[in-house]
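Read it with the structure open.

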Amino acid sequence: MAYVHAEIASQPDCWREAARLAPTVADRLPRPGERVAVVGCGTSWFMAAAYAGLRERAGQGETDAFQASEFPTGRRYDRLIAITRSGTTTEVLDLLAALRGQVPTTVLVGDPASPAVELADAAVPLPFADERSVVQTRFATTALALLRAHLGEDLGRLAADAEVAVRAPLPIDPATIEQVTFLGRGWTVGLAQEAALKCREAATFWAEAYPAMDYRHGPISIAAPGRLVWAFGGIPEGLPEDVAATGAAFVHSRTHGCHTVLTSWAAGRNPVDPMADLIIAQRFAVALATSRGLDPDAPRHLARSVVLA
């Protein structure tokens, strides 16, 4: 069985461990009112974007997310958070080195012995969430879970939603879909981007992602029978009806146009948290790979870490 199957299934336990860890590392994480930048590459960048949206929504302070290679070094921040599973990604290491002595830096990392730990002012190792698979799943969501716990969110409920997500039937048969577009609003735009990346990485599948309000400004033109629109979090009024008119299938944790609503064990009939819905999208991506005869643990052209000469 692929590593990624087991790693996806382990996320509820990883999120609970993140909840236990969060209070012990609070001094290494942003304080309310600080101006914060969060950086990463690929999946880690999308988690950075989700956290930035959540932190601002919580009133904790201005928070910006950047690809590590695109960080604007002329801007001033009170703290920089870097998310990196391997701790060896070239762009992250270069940025940490460049910012040394200029801004306090904290790295969230899977490998506590990695070079990023030496370059950052502080580290939050998450070795229990590290992965063997090239395709990231549990490390990224566990890093976000830890940051959400630090914002004061209830990770017990979130982990319960994750238990639902790792066992629930997929909302649609991947073998019947030729294209998927993921949508989000606010902090869930990052989750939509990550879901699309999982489909591209694991299954070399045509997947796109957009802010939900922008979807009708062009991207909806590719919606058609045999294609899928999957939304995370809140959705604009009338969007399900507009998608239905194209003949495309629509999936949403509140309305699930092609399946029963997924509900949380912890919250009765409330829909699952969007981050738990991302687990379902991860499983969808792996099922896509299987349906296409691909090995999700050996994605084309990819390595576990991008290390540049």
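Setting aside neighbours within four places in sequence, K198 is in contact with T43, V135, Q136, T137, A203, Q282 and A285. Contact here means heavy atoms within 4.5 Å. K198 belongs to helix α8. Helices (H or I, at least four residues) and strands (E, at least two) are DSSP runs, numbered from the N terminus. K198 is buried, with a relative accessible area of 2%. Buried means under 20% relative accessible area, exposed over 50%, and partly exposed in between, using a 1.4 Å probe and protein chains only.

The model is predicted: local features need pLDDT of at least 70, side-chain atom pairs count only at pLDDT 80 or more, and totals for chains, interfaces and linings use all residues. Residues are numbered from 1 along each chain as its sequence is written, and side-chain values use heavy atoms, with hydrogens and water left out.

**Helix packing**

The table gives the helix pairs. Axes are lines fitted to C-alpha atoms, for helices over the stretch in contact, and angles run from 0 to 180 degrees between N-to-C directions.

| Pair | Angle | Axis separation |
|---|---|---|
| α8 (residues 188-203) and α10 (residues 274-291) | about 15 degrees | 8 Å |
| α3 (residues 43-57) and α8 | roughly 160 degrees | within 8 Å |
| α6 (residues 138-150) and α10 | about 175 degrees | 12 Å |

Angles under 35 degrees count as roughly parallel, over 145 as roughly antiparallel, 65 to 115 as roughly perpendicular and the rest as oblique. With an angle of about 15 degrees, α8 and α10 are therefore roughly parallel to each other. α8 passes α10 in a right-handed crossing. A crossing is left-handed if the near helix is turned anticlockwise from the far one by less than a right angle, and right-handed if clockwise. On the α8 side, the contact is made by T188, L191, E194, A195, K198, C199, A202 and A203. On the α10 side, P274, M275, L278, A281, Q282, F284, A285, L288 and A289 take part.

α3 and α8 cross at roughly 160 degrees, which makes α3 roughly antiparallel to α8. This crossing of α3 past α8 is left-handed. T43, F46, M47 and A50 of α3 make the contact with G190, L191, Q193, E194, L197 and K198 of α8.

α6 and α10 pack at about 175 degrees, so α6 is roughly antiparallel to α10. Here T141, L144, A145 and R148 in α6 meet M275, L278 and Q282 in α10.

**Aromatic rings**

How many aromatic pairs does the structure hold? There are 8. Rings of Phe, Tyr and Trp (its six-membered ring) pair if their centres lie within 6.5 Å; planes under 30 degrees apart count as stacked, over 60 as edge-to-face and the rest as tilted. The ring centres of F66 and F71 lie 5.6 Å apart with planes at 90 degrees, so this pair is edge-to-face. F71 and Y77 have ring centres 5.9 Å apart and planes at 45 degrees, so that pair is tilted. F66 and F71 are buried. F71 has a relative accessible area of 9%, and Y77 is buried with a value of 9%.

Y77 also meets a charge. The charged end of R35 sits over the Y77 ring, 4.6 Å from its centre. That label needs NZ of Lys or CZ of Arg within 6 Å of the ring centre and within 35 degrees of the ring normal. Elsewhere, F182, W230, F232 and F284 form one aromatic cluster.

V38 lies in strand β1 (residues 36-40). Its relative accessible area is 0%, so V38 is buried. Leaving aside neighbours within four places in sequence, V38 touches A48, Y51, T63, D64, A65, F66, I81 and I83. V38 and R216 are 178 residues apart along the chain, and their C-alpha atoms are separated by 30 Å.

Is R132 buried or exposed? R132 counts as exposed, at 60% relative accessibility. R132 lies in the loop between β5 (122-125) and α6. Not counting residues up to four places away in sequence, R132 touches Y3, E7 and R304.

**A backbone exception**

Most residues other than glycine have a negative phi. T204 has a positive phi of about 45 degrees although it is not a glycine. T204 is found in the loop between α8 and β7 (207-211). T204 is partly exposed, with a relative accessible area of 31%.
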